[in-house]
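Visitor: Hi, could you walk me through this one? I'd like to go from the overall picture down to single residues.

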Amino acid sequence: MEPGTTNQVEIQIPADHPSGTYWYHVHKHGSATFQFNSGMAGFLIVQGGPGTLDAVPEVVAAKDVPMAFQVLRSSNDGRVVFVHQQAQQFGTFPFPDFTTNPPTLPPPAEQGVWSTYGLDGQLPLQPDGKTPAPPSRYSYTTNGVANPTLQMRPGEVQRWRLLNATDGDNLQLVLVSSQNGNQGLGLNVVAMDAITVPKTYHLAAGDPLVIGPGQRMDVMVKAGQPGTYVLQTLDPNSGEVKASVSPYRDSNGSGIAPAWQPSRHSFDFPQPCPATGQASSECTKPGQFKYPITLATIVVSGKTKNMNLPADPLPTPKGLPSIATMLSRTPDKVRNVVFEICGNVAGFEPNARTLPSCGWFLARYDATYWGGTPFNVLQMMRDADDVGEPNADPLMPRINFQKEGLFHPNQPLFPDMIAGNYEEWTVYNRTFSDHPFHIHQNHMLVTKINGITLPQPEWHDTLDVPAARCTDPPALRVRTRSRGGPQPQPPGGRPAAIVGPNDSAPISTCAGPPANINLATPGSITFRTYFNPVTVGCFVAHCHTIDHEDLGMMQRMDILPANGGASGCSLDGDRAAIPLIERLIAGNNGFQVCSALPQSKAKSYSPTGSGGLSNRSPDTAQ
Ligand SMILES: [Cu+2]
């Protein structure tokens with residue numbers, strides 16, 4: 001849509017479309033981050049009829065409360081994130097030193113493509129005239145409001161539709177009493193990414209529910225004693241929280257336990273405190289966030305209502321093959337996909353240039369795609385079965401993959417995805433941060449996380465792929481010269497380029513620094529999927545950390561009507577020729593979007609009456 005225009009969209013919902021909680025957001029490739037950080041997203045709720053979750057009496061009786069969690073990022077004076085045209089790399093490195101007054105900012109060429117730092121060039125001072133104001137704003141909002149209030153009666157049951165509409169923050173939600181510390185209320189998950197689960201996941205009070213970027217969780221909440229409760233997101237970096245990307249908990253209360261790591265990767269945005277590797281006690285600068293962050297306040301008061309949670313089993317979702325069918329079918333294809341980062345900047349993603357699959361990037365850097373700007377760090381996803389060929393320089397990673405490079409609108413990742421087929425995919429994460437995998441159109445039935453079989457497979461359209469984990473003994477070493485001979489095989493099947501156990505060259509460990517991703521065990525999710533014939537055509541799969549998607553972590557997916565058929569997609573190939581830097585700045589006509597913080601203009605959203613979220617006390621001090 002051109003700026004200032006309106007566009008009427010008609011969406012035909014097939015009669016057997018799974019009901020549930022969906023959403024929409026900007027998706028202009030290249031500038032999605034820029035637009036996303038301004039909050040351009042909303043709910044799409046598909047109401048179900050008889051036989052669906054929406055017809056279960058306990059759900060019908062429950063108040064329906066959608067909650068969209070967003071992070072709005074802006075400079076301290078309210079201007080939005082902008083694209084740094086002189087930036088020469090993805091992330092800012094070295095990072096600004098906010099301990100100086102005024103802070104020392106990296107030169108433009110060392111700043112990342114999206115930045116708020118540049119907007120803080122003349123940092124205002126605090127009223128004392130000495131202390132620098134916080135560099136940027138980082139505002140968590142719920143339906144556009146900071147920490148709104150929700151009313152409940154004791155014993156009342158409500159249905160909350162929780163949407164993580166942040167551009168890259170994993171939320172770890174708990175509902176705790178503000179008077180009695182950890183005394184709180186459990187979250188009861190009845191649907192994930194719109195799809196009703198067979199059996200409710202009852203999380204104990206204080207047990208965090210992880211919602212990755214782009215994910216939705218429908219939870220039933222039963223109010224307890226009168227009092228004030230807070231819905232909070234916990235510190236993702238503390239390592240103290242037992243959390244899993246699956247709501248499954250075993251009898252010990254622990255999760256499938258991927259070693260959870262932050263999904264937010266770009267350091268061009270201000271971060272809540274503590275940042276990775278930082279203790280809460282260090283969060284002493286004015287205006288800094290502190291975890292846990294309160295997303296909503298729930299006041300339980302008034303006359304008791306005795307309401308019940310829905311009983312299991314929950315209704316089977318429509319429009320999807322049964323879980324039994326999904327598991328019993330022999331997959332027509334088994335595929336592997338990988339999230340990876342290539343670059344040659346020491347210190348940002350250390351030794352990423354040694355990744356076996358990054359040879360295409362180092363050998364054939366496409367300056368046209370990148371607008372002539374030599375970004376040093378790129379991100380991509382590719383077929384892990386596609387092993388390429390040895391590079392002429394034996395020290396360099398492999399080249400000549402079947403599908404090289406970054407997202408291209410005219411190049412599907414696979415040429416043979418056929419309507420009506422069942423497939424099994426494993427998505428690996430060969431980086432040190434999480435990446436939420438999202439695929440449009442067809443849901444995926446996740447069967448394994450990090451190779452561990454889930455006792456109850458989960459339907460998702462978005463799921464965080466946990467970061468690679470360090471499992472190497474420190475004695476492992478890295479070659480600096482090729483010595484020939486067989487190379488060890490990393491998980492995923494590709495030969496490692498440089499790693500060798502017997503060399504005496506400089507030592508590198510997985511845990512670093514310098515950390516070597518080749519020595520880590522990739523995170524992974526494994527799923528089965530069915531290509532519904534109504535989805536013939538083309539769409540995308542991508543990382544739902546939006547800046548990753550913009551910079552290449554996306555691929556086109558084509559569903560063909562039959563083997564050798566055409567997807568019927570005709571795309572505007574010219575768009576690919578637009579240099580990336582121009583796509584990045586699309587719509588960037590001045591930054592004055594948030595001259596006042598949005599809370600003052602936000603409307604309250606009260607879908608089922610007075611108990612909805614109210615527009616209470618905008619907390620602009622965040
Ligand atoms: Cu990512």
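This is a predicted model: local features need pLDDT of at least 70, side-chain atom pairs count only at pLDDT 80 or more; totals for chains, interfaces and linings use all residues.

**Buried spots, a metal site and a sheet**

Visitor: Where is Met 326, and what is it in contact with?

Guide: Met 326 sits in helix α3, residues 323-328. Helices (H or I, at least four residues) and strands (E, at least two) are DSSP runs, numbered from the N terminus. Setting aside neighbours within four places in sequence, Met 326 is in contact with Pro 321, Tyr 422, Leu 445, Trp 459, Arg 528, Thr 529 and Tyr 530; contact means heavy atoms within 4.5 Å. Glu 423 is 97 residues from Met 326 in sequence, and their C-alpha atoms are 9.2 Å apart.

Visitor: Zooming out, how many helices and strands are there in the protein chain?

Guide: The protein chain has seven helices and 28 strands. It has 622 residues, and 55% of them count as buried. For contacts between residues at least 6 apart in sequence, 77% join residues at least 24 apart.

Visitor: Which residues touch the most other members in the largest nonpolar core?

Guide: Those are Trp 160, Leu 162, Leu 173, Leu 175, Leu 209, Leu 231 and Ile 298, in a core of 44 residues. Strand β16 (residues 293-300) gives the largest share of this core, five residues. Apart from it there is another core, of 27 residues, including Val 337, Met 444, Leu 463 and Val 465. A nonpolar core is a set of buried Ala, Val, Leu, Ile, Met, Phe, Trp, Tyr and Cys residues joined through side-chain atoms within 4.5 Å.

Visitor: On to the metal: what coordinates the copper ion?

Guide: His 435 (ND1), Cys 543 (SG) and His 548 (ND1) coordinate the copper ion, at 1.9 to 2.1 Å. The donor spacing in sequence is H-x107-C-x4-H. His 435 in strand β20 (residues 435-439) and His 548 in helix α5 (residues 546-550) are 113 residues apart, so the pair links distant parts of the chain. Donors are N, O and S atoms within 2.8 Å of the metal (3.2 Å for Na, K and Ca); water is not among the atoms, so sites may look incomplete.

Visitor: And is His 435 buried or exposed?

Guide: Buried: His 435 has 0% relative accessibility. His 548 also counts as buried, at 0%.

Visitor: What is the strand order in the open sheet?

Guide: The order of the four strands is β23-β20-β27-β28, with antiparallel pairing. β23 (462-465) and β28 (554-559) are at the edges with a single partner strand each, so one side of each has no neighbour in the sheet. Two strands pair if DSSP finds at least two bridges between them.

Visitor: How many bridges join β20 and β23?

Guide: β20 and β23 pair over four bridges, and His 435 stands opposite Val 465 in β23. β20 and β27 pair over three bridges, with His 542 in β27 as the bridge partner of His 438. β27 and β28 pair over six bridges.

Visitor: Why is β27 largely enclosed?

Guide: Six of the seven residues of β27 (residues 537-543) are buried, so the rest of the structure largely encloses this strand.

Visitor: Switching to backbone details, which peptide bond is cis?

Guide: The bond from Asp 312 to Pro 313 is cis, with omega near -5°. Pro 313 lies in the loop between β16 and α3.

Visitor: What about phi at Asp 193?

Guide: Asp 193 has a positive phi of about 50° although it is not a glycine. Asp 193 lies in the loop between β11 (188-192) and β12 (195-202), and it counts as buried, at 0% relative accessibility. Asn 400, not a glycine either, has a positive phi of about 60°; at 31% relative accessibility, Asn 400 counts as partly exposed.

Conventions
Residues are numbered from 1 along each chain as its sequence is written. Side-chain values use heavy atoms; hydrogens and water are left out. Buried means under 20% relative accessible area, exposed over 50%, partly exposed in between (1.4 Å probe, protein chains only).
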